[in-house]
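Hello,

Here is the model I promised to pass on to you.

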Amino acid sequence: MPLPAPFDRLRLPVIGSPLFIVSGPELVIAQCKAGIIGSFPALNARPSGMLDEWLHQITEELAAHNRDNPDRPAAPFAVNQIVHKSNARLDEDMQVCEKWQVPMVITSLGAREEVFRAVDNWGGITLHDIINNRFARKAIEKGATGLIPVAAGAGGHAGVQSPFALMQEIREWFDGLIALSGSIANGYSVLAAQAMGADFGYIGSAFIATEEANADRAYKQGIVDGSADGIVYTNLFTGVHGNYLRSSIENAGLDPDNLPESDPSKMNFGSGGNTKAKAWKDIWGSGQGVGAVKSVGTVADMVDRLEREYQDAKAELAAKTI
């Protein structure tokens with residue numbers, strides 16, 4: 001579908017996904033200046049009062065960029081809200097988002113009608129992440145603007161369904177905004193997401209290996225060294241199934257091939273978890289697409305690469321069309 005303003009001025013149809021601990025103002029600002037939507041989890045701003053400071057910084061720096069670069073305006077940004085009942089900060093954080101008129105709110109772990117309504121009232125849009133068609137229908141029924149199908153291979157909390165199956169089923173009844181997540185780490189995959197019917201590619205793990213990311217240097221190198229074979233899917237660390245770097249599990253003294261199941265009722269999305277090893281501080285989230293990441297560089301370098309690959313993919317596809 002045609003993208004609404006201001007989302008129609010993107011350099012690439014890409015959203016940098018919100019990464020727990022890793023995404024902060026520096027990463028988001030760099031992504032937006034590079035021409036893609038940058039995002040961060042509200043819970044990354046700790047203590048809660050820091051969220052106001054972060055949104056002030058992001059808003060002011062992007063406005064200054066736009067004044068200095070009228071021919072190359074920054075992309076808008078997004079804030080991720082965990083709407084699960086365990087998030088005691090949700091109401092307070094939503095008030096701060098309303099104050100700063102956040103253009104996009106990404107919601108996770110539960111669809112809340114009052115959250116969708118609030119964002120709509122201030123003129124923003126909402127994307128809700130889901131792992132199957134049933135959850136997708138519920139989110140739209142409750143008022144979400146669009147969806148983020150989190151397919152097999154996505155970093156962090158991820159589903160198990162093929163992106164082909166998810167997109168096929170959702171597009172049978174929904175014609176609104178969709179950002180597809182799952183192993184997207186190069187420009188070819190962004191075009192493939194669009195070919196399946198998505199409006200955006202949703203990229204997370206690749207941006208961990210950037211200078212602006214708030215990640216340990218070893219974590220960044222782990223992304224560079226990683227591959228699809230080095231990703232482990234488990235619910236041990238938060239109570240929700242997700243994908244993690246095998247090397248970080250081994251470094252924590254655990255056997256990635258013999259991890260116990262966790263009790264979902266003991267979900268913990270902050271610094272804790274169901275073992276002494278803490279997600280996401282010790283156990284590092286990662287998607288299966290990290291084989292496309294060959295070095296640590298700047299966000300600008302990463303987006304340049306994505307754009308080259310995206311344009312090459314379009315040209316190659318056009319050459320193959322009969």
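Among contacts between residues at least 6 apart in sequence, 64% join residues at least 24 apart, where a contact means heavy atoms within 4.5 Å. Please keep in mind that this is a predicted model, in which local features need pLDDT of at least 70 and side-chain atom pairs count only at pLDDT 80 or more, while totals for chains, interfaces and linings use all residues. Residues are numbered from 1 along each chain as its sequence is written, and side-chain values use heavy atoms, with hydrogens and water left out.

The overall picture

The C-alpha trace spans about 50 × 50 × 40 Å along the principal axes.

Of the 322 residues, 54% count as buried. Buried here is under 20% relative accessible area, exposed is over 50%, and partly exposed is in between (1.4 Å probe, protein chains only). The accessible surface comes to about 14,000 Å², and carbon and sulfur atoms hold 50% of it; the areas come from the Shrake-Rupley method with a 1.4 Å probe, and for residues only the protein chains shown count as cover.

As for charge, there are 28 positive and 38 negative side chains, and the centres of the two sets lie 2 Å apart. Lys and Arg count as positive and Asp and Glu as negative, without His and the chain ends; each charge is placed at NZ of Lys, CZ of Arg, CG of Asp or CD of Glu.

Strands and their partners

Strand β3 (residues 77-82) has six of its six residues buried, so it is largely enclosed by the rest of the structure. Both of its faces are covered, with F77, V79 and Q81 buried on one side and A78, N80 and I82 on the other. Strand β2 (residues 38-41) pairs with β3 in the parallel sense over four bridges; two strands pair if DSSP finds at least two bridges between them. In this pairing, P41 stands opposite N80.

Strand β5 (residues 125-130) has five of its six residues buried, so the rest of the structure largely encloses it too. Its parallel pairing with β4 (residues 104-108) runs over four bridges, and V105 has T126 of β5 as its bridge partner.

There is also an open sheet of three strands in the order β7-β11-β10, with antiparallel pairing. β7 (156-157) and β10 (231-234) stand at its edges with a single partner strand each, so one side of each has no neighbour in the sheet. Two bridges join β7 to the antiparallel β11 (residues 242-245), and G156 has N243 in β11 as its bridge partner.

Residues to look at

F174 sits in the loop between α6 (163-171) and β8 (179-181), and counts as buried because its relative accessible area is 9%. Leaving aside residues up to four places away in sequence, F174 touches I140, T145, G146 and L147. F174 and A136 are 38 residues apart in sequence and 9.2 Å apart in space, C-alpha to C-alpha.

H65 belongs to helix α2 (residues 50-68) and is also buried, at 9% relative accessibility.

The peptide bond from R46 to P47 is cis, with omega near 0 degrees, and P47 lies in the loop between β2 and α2. Q101, in the loop between α3 (90-99) and β4, has phi near 50 degrees, a positive value in a residue other than glycine; Q101 is partly exposed, at 41% relative accessibility. S183 is not a glycine either, yet has a positive phi of about 65 degrees. S183 lies in the loop between β8 and α7 (187-195) and is partly exposed, with a relative accessible area of 29%.

Best wishes
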